Amino acid sequence: MPSRATRLFSRELTIPLATSLIALAAWEVLVHAGFLRAAFFPPPTNIASTLLGLAAGGELWLHAGTTLGRLIVSFLMALIPGTALGLAMGWWIGMRLTADPLVKLLFPIPSIAFFPVVIFYLGLSEWGLLLTAAITPFLLIAVQSASAVESLERTLLEAVLNYGARGLRLFLRVILPAALPRLFIGYRLALGVGFIVTVAVEMVAGKHGLGGFLWHSWQILRIEEMYVGLMLIGLLGILVTYGLEALADRLMPWQVDLLRLKGQR
Amino acid sequence: MARRQASWRVLVSPLIVVVVWELLSAAGVLRPNYVPPPSQLGPHLLALLAGGELWRHLLVTLYRLGLSFIFALIPAVLLGLSLGMSRSARLALEPLLTSLYAIPKIALLPLVMLVLGVNERTLIFTSTLTSFVQMTVSTMGGVLAVDRIVLEAGKNYGATGWRLFRYVLFPSALPDIFTGMRIGLSLTLVLVIAVELTAAQEGLGAFLWTAGQTFSAKNLFSAFIVIGALGLTLTYGLERIGNWLMPWRERSSAAMFL
């Protein structure tokens, strides 16, 4: 029923678009009418022109690039060892008995609390920021990767073992593809947490990065710039939250349902 | 996979870590000014707790966490239920909810401070917002995930309106609502600690930050242990309560953090 599909599609597009535009227009009007204080809520047109002005210079891009770079590096710092540890925990019972209690003990600790401890040893350095942003994602990925291997189907494993799959072949051809959808759940969650910690740490410590830019523009009361910072953080957040999901949909179209986080749709 | 480990085994590797830590300190590899040995840390933590100082900070943090949770709970569940049941409302609020969900709520702190001033209200409001967004989205997701077949069956048996909601829809969505509460609390704890690090004089985060800045390794570790214990209690304690309250819900390891 293509006609019904198009109608649904258009409604799904028009209603959110209309409400956003109405909200922005109302904001603009209320400020000019004097109901909203321009000092707190500068009209959207002013924010837009500030954004254009900043975008013309290089500084804003430097901040955005810094945050994005930190996010990517800290995510890789979590992804590679986290996946390795998690897969090992899922495969070898001895590894699980050793590492699992430690990982499960550490991962519920509020991620940002690691920051003062890390900078106590590393100082306010770039490595301190990156390490802080990598810790909780690392633990999350390890837990999720372990459970990905544990939930593999026994019959599947028995079958391929009987067919003589061993070592690297077993890992690359069977375990990894079968565990991938669940690994992705861990990656998504980890990326989200990593982003929160990165921004928080930048606000506390960094002169650079979008978090630092946001905090600085608040301190010198450049309100329009503060909104620009907030907007860019929001855009990056949307990219982080929904981008990996879209990527997973493309890579593993057969696993769409599993990848939808409960409670997000 | 219900492969339960014997409970004592869980303690083995943390205990080994503590013993190795202590031995390395005794051998002089770890300097007590940087990494205090457990034998000194334990009494120090107890003294801080007995002296009341750490309790005060813990209570301040708990108060902030609890208040923001309570403020957020009822509006979030009501809004989440309505959004789950009404398609137009969902579409209308989607842009707002999507962006609020994706923004780290700590980034809203400067804006809230600008409007409300730098005070306790700001902190509570930002925390409330964190809980609110998470619980709204989870509740909405819970309603949307209710099995069509269950819903149809309920209708065929004559449940409509309030009865359909009370006996079919709500119990089905309850596990997700509860998960939302738990994640909401965990995220709010992260936020409260983060705000206390940046902009507060009291609370566990402020105590932790001061300890780090004054190079007091013992205070730093003590505060970290208390914050960690709080995080553990919220995550595992609430999971237990949820399993006990709602025996019909599925237990999966992924649901631990979702």
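How many residues does the contact take from chain B and from chain A?

## Model and interface

This is a predicted model, in which local features need pLDDT of at least 70, side-chain atom pairs count only at pLDDT 80 or more, and totals for chains, interfaces and linings use all residues. Residues are numbered from 1 along each chain as its sequence is written, while chains are lettered from A and ligands numbered from 1 in the order in which they are written.

The contact takes 54 residues from chain B and 51 residues from chain A; two residues are in contact if their C-beta atoms, placed from the backbone, lie within 7 Å. The side of chain B that touches chain A has 36 nonpolar, 15 polar and three charged residues. Here Ala, Val, Leu, Ile, Met, Phe, Trp, Tyr, Cys and Pro count as nonpolar, Asp, Glu, Lys and Arg as charged, and the others, Gly among them, as polar.

## A helix pair between the chains

Helices are DSSP runs (H or I, at least four residues), numbered from the N terminus. The axes of helix 9 (residues 209-219) of chain A and helix 5 of chain B come within 9 Å and cross at roughly 15 degrees. Axes are lines fitted to C-alpha atoms over the stretch in contact, and angles run from 0 to 180 degrees between N-to-C directions. The two helices are therefore roughly parallel (under 35 degrees; over 145 is roughly antiparallel).

Leu214(A), Trp215(A) and Trp218(A) meet Pro110(B), Met113(B) and Leu114(B).

## A helix pair within chain A

Helix 8 (residues 167-204) and helix 10 (residues 223-251) of chain A have axes that come within 10 Å and cross at roughly 170 degrees. That makes helix 8 of chain A roughly antiparallel to helix 10 of chain A. Their contact has nine nonpolar, three polar and two charged residues.

Methods:
Angles under 35 degrees count as roughly parallel, over 145 as roughly antiparallel, 65 to 115 as roughly perpendicular and the rest as oblique.
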